[in-house]
Amino acid sequence: MNYYDDIDKYKDKLAIITSSGKKITYQKLIQKADEIGKFLENRDLVFAICQNSFESVAGYIGALRAKAVICLIHNTIDQDLLITLVNQYQPNFIFRPNSSKPLKIDGDVTFSDSAYSLVKTQFNKHHKIDSNLALLLTTSGSTGSQKFVRQSYENINSNAESIAQYLEISPKDRPIATMPMSYTFMLSIINSHFLCGASIIMTDSTLMEKKFWTQIKKYKATTFGGVPYIYEMLKKLRFERMDLPDLRVLTQAGGKLNKEIIAEFNQICRSKNMKFIVMYGQTEATARMSYLPWEFAEKKLGSMGIAIPGGQFWLEDLNNQKIEQNNVSGELVYKGKNVTLGYAQCIADLSKGDENKGILHTGDMAKRDDDGFFYITGRMKRFLKMYGKRVNLDEVEQLLKTKGYNCACAGTDDNLVIYFTGNVDKTKVLKYISTKIGINLAGFKMKFIDNIPRNDSGKVLYSELN
Amino acid sequence: MNNQEKYNQAFMENFSIEASKLNAELEYNTIPEWDSVGHMSLIASLEEAFEIMLETDDVIDFSSYNKGKEILKKYKIEM
C-alpha cells in the first residue's frame, strides 16, 4: 500500500493551507484528486504545470491514485522548451493553471475548475509505459535538456517513509513551502508529511516578500526546508532576531552549505530551541539519501551525515573498487529502495524498467570518518548548483556556442563564470543564458580572456581558468 | 552621481534593464530578473552605494521601485 492510496483516513485533518488562507482537509484533497483522476486511465501520461497551490497538489495525488504517469513542470518554464517537451513526449493530458498562457497545442478541456484545467491533447498516443513508473522529474536545473528522472511508486513511498522516520514527523507538524513543488526537495516534504497526516502551508511567496512572513506566523509553521541560498537569505534577514515561536525544525539540502553558515545556524537554532538538520540527496535517489542527526550538528560540522533509514553508502575508487579505509576520498555510492529507475530522454524510454537496480553512483566525491560520517569533498562531473538547481556547465557552453559565442564555463556554486574571447555584448549574452536556463542574472559573471586554454588534443583546461 | 542616479543604476545593473523601465510599474516579480535572488543582489548594491544597512522589515517591504524610494527616506536618502 502506498501512502496516497489511503490518506483519506486522515479525514477532516488539515492537509493544505493555501496562501489565501483556505483550509483544505484530507477528505477535500482526495475528493479533488479523484475528481481529476477519474478522467485519467492507467498508464496515461500527464504533463502538469505546477504552482504551489491546492489544485496542483491535488492533480499530483490524483494522478498517483489513478496510476497515470505524471510529469511535474514548474510554471515558469520557458515556453519554447515546454512545447518541445510536449511534442517530444506526446502526453495524453496537460494539467495547467487557467492563469498560464495557453499552449499552442490542440486539445479539449475535459475538466476545469476556477484554478486549473485538464486538457486532453490530440496526440492520441498509447504509450508503452513500464508498470512501475509513477513520476517524471527534471534533474533540477534545466538547460533546455529533455532529460527526466524516472521515479517509481516504490521510490516515492519508501523515501517518504524513511524521511518521516528520521525527521520524526508528527501529525502536528506544519511545514511551509519555500520551493516549487516540482522540485524534488519540496516534493519530498509534501510526500513525507502527507504520509503522517501533517498539514502543509502551500505558498508561492518567497522569503523576500512580506506575505511569506505573515503566512509563516499566521499559520504557525513548524518546519522549514531550504537550499543553501535560502539560508543566505535568512542570514541577510537576520533570522536570529525573528520571533517565530512555532518554528522547531530547519532542514537544509540541495547543495553544500558553507561551513561558517552551518555553524552560525547551529548556534542560532540551539539558542532558539530549534533543530537544524543538514541533509543530502539527488533527484536520482527520489530525494533524500543522508541526514546529519541534529545531536551531531556541532560535533560533525560540515558532514552530510549518515544514510537515511533503509539506505547504505560506500565509496569506490577510480577502478570501481570499494574503499575500505576511512578518511580516503572516493566516489560516493548509495544503495536503497529510493534509487530511481533511470533516466528518460525520449518517449521510448518510458517503457524501460529498472536500470539502476537500487544502486546509484552519485558522481559526488566523499570521504568517511572513523565514526562512519560522510563528508562531500568534490564532484566528478562538471556541474554547479545554482540556487539549488543543478546546472551542467557543458550544456551551458553548448547553448552559448550554438548562438555563436566562443566561450568556456566554470565557477563555483551560485557563481557561474563565463570566459569569453573576442567582442560580445555582455548584457545580451547574460540575458539570453539566464532566461534560457531560468537562473537569475546575479548568478553569472563574465570574464574576457585572450585565449581559451586547451591541451594538445584540444580539450579545454578548465583548471587554468580562474 | 546623485542619489537618484545611484538608485537607478542599482536597478539597471542588477536587472539589466533600461532607464525607461524605471517607473511605478516596476514591482517585485513583474520581471524575471526581480525574483528573490535578484532582490538580494539589489539590496546589497543599494546598501553598498548608500553605505547603509537595511532593517529586515525594510528588506521585505521593498516591493517596488517607488516603495524603495520611500523606504530609503528613513535612512535619510533623499532623491
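Trainee: Which residues in α7(A) meet which residues in α8(A)?

Mentor: Tyr231(A), Glu232(A), Leu234(A) and Lys235(A) in α7(A) meet Ile261(A), Glu264(A) and Phe265(A) in α8(A). Contact means heavy atoms within 4.5 Å. By class, these residues divide into four nonpolar, no polar and three charged. Nonpolar covers Ala, Val, Leu, Ile, Met, Phe, Trp, Tyr, Cys and Pro; charged covers Asp, Glu, Lys and Arg; the others, Gly among them, are polar.

A word on the source: this is a predicted model, where local features need pLDDT of at least 70 and side-chain atom pairs count only at pLDDT 80 or more, while totals for chains, interfaces and linings use all residues. Residues are numbered from 1 along each chain as written, chains are lettered from A and ligands numbered from 1 in the order written, and side-chain values use heavy atoms, leaving out hydrogens and water.

Trainee: Why are α7(A) and α8(A) called oblique?

Mentor: Look at the angle. Helix α7 (residues 228-236) of chain A packs against helix α8 (residues 259-271) of chain A at about 60°, with the axes 11 Å apart. Under 35 degrees is roughly parallel, over 145 roughly antiparallel, 65 to 115 roughly perpendicular, and the rest oblique. The pair α7(A) and α8(A) is therefore oblique. Their crossing is left-handed.

Trainee: What makes α4(A) roughly perpendicular to α5(A)?

Mentor: Helix α4 (residues 153-166) of chain A and helix α5 (residues 184-195) of chain A pack at about 75°, their axes 8 Å apart. That angle makes α4(A) roughly perpendicular to α5(A). In this contact, Ile156(A), Ala160(A), Glu161(A), Ile163(A) and Ala164(A) of α4(A) meet Ser188(A), Asn191(A), Ser192(A) and Leu195(A) of α5(A). The classes here are five nonpolar, three polar and one charged.

Trainee: Now chain B. Why are α1(B) and α4(B) called oblique?

Mentor: Helix α1 (residues 3-15) of chain B and helix α4 (residues 65-73) of chain B pack at about 135°, with axes 12 Å apart. α1(B) and α4(B) are therefore oblique to each other. The crossing of α1(B) past α4(B) is right-handed. On the α1(B) side, the contact uses Gln4(B), Tyr7(B), Asn8(B) and Phe11(B); on the α4(B) side, Tyr65(B), Gly68(B), Lys69(B) and Leu72(B). Four are nonpolar, three polar and one charged.

Trainee: How many cavities of 30 Å³ or more does a search of the whole structure find?

Mentor: Six. In a cavity, a 1.4 Å probe fits on a 1 Å grid but cannot get out; a pocket is an open set with protein on both sides within 12 Å along at least five of seven lines; lining residues have an atom within 4 Å of a point. The largest cavity has a volume of about 110 Å³. It has 14 lining residues, and closest to its centre are Thr184(A), Gly254(A), Gly281(A), Gln282(A) and Lys385(A). That lining holds four nonpolar, seven polar and three charged residues.

Trainee: How much space lies in the second largest pocket?

Mentor: About 590 Å³. Of its 29 lining residues, Gly255(A), Lys256(A), Leu257(A), Ile376(A) and Arg379(A) are closest to the centre. At least two lining residues come from each of α8, β14 (275-281), β21 (374-379) and β22 (383-386) of chain A. The lining divides into 12 nonpolar, 10 polar and seven charged residues.

Trainee: Where is Lys217(A), and what does it touch?

Mentor: Lys217(A) sits in helix α6 (residues 210-218) of chain A. Leaving out residues up to four places away in sequence, Lys217(A) touches Asp243(A) and Leu244(A).

Conventions:
Axes are lines fitted to C-alpha atoms, for helices over the stretch in contact, and angles run from 0 to 180 degrees between N-to-C directions. Helices (H or I, at least four residues) and strands (E, at least two) are DSSP runs, numbered from the N terminus. A crossing is left-handed if the near helix is turned anticlockwise from the far one by less than a right angle, and right-handed if clockwise. Grid points are joined across faces, edges and corners, and a volume is the space filled by probe spheres set on the points.
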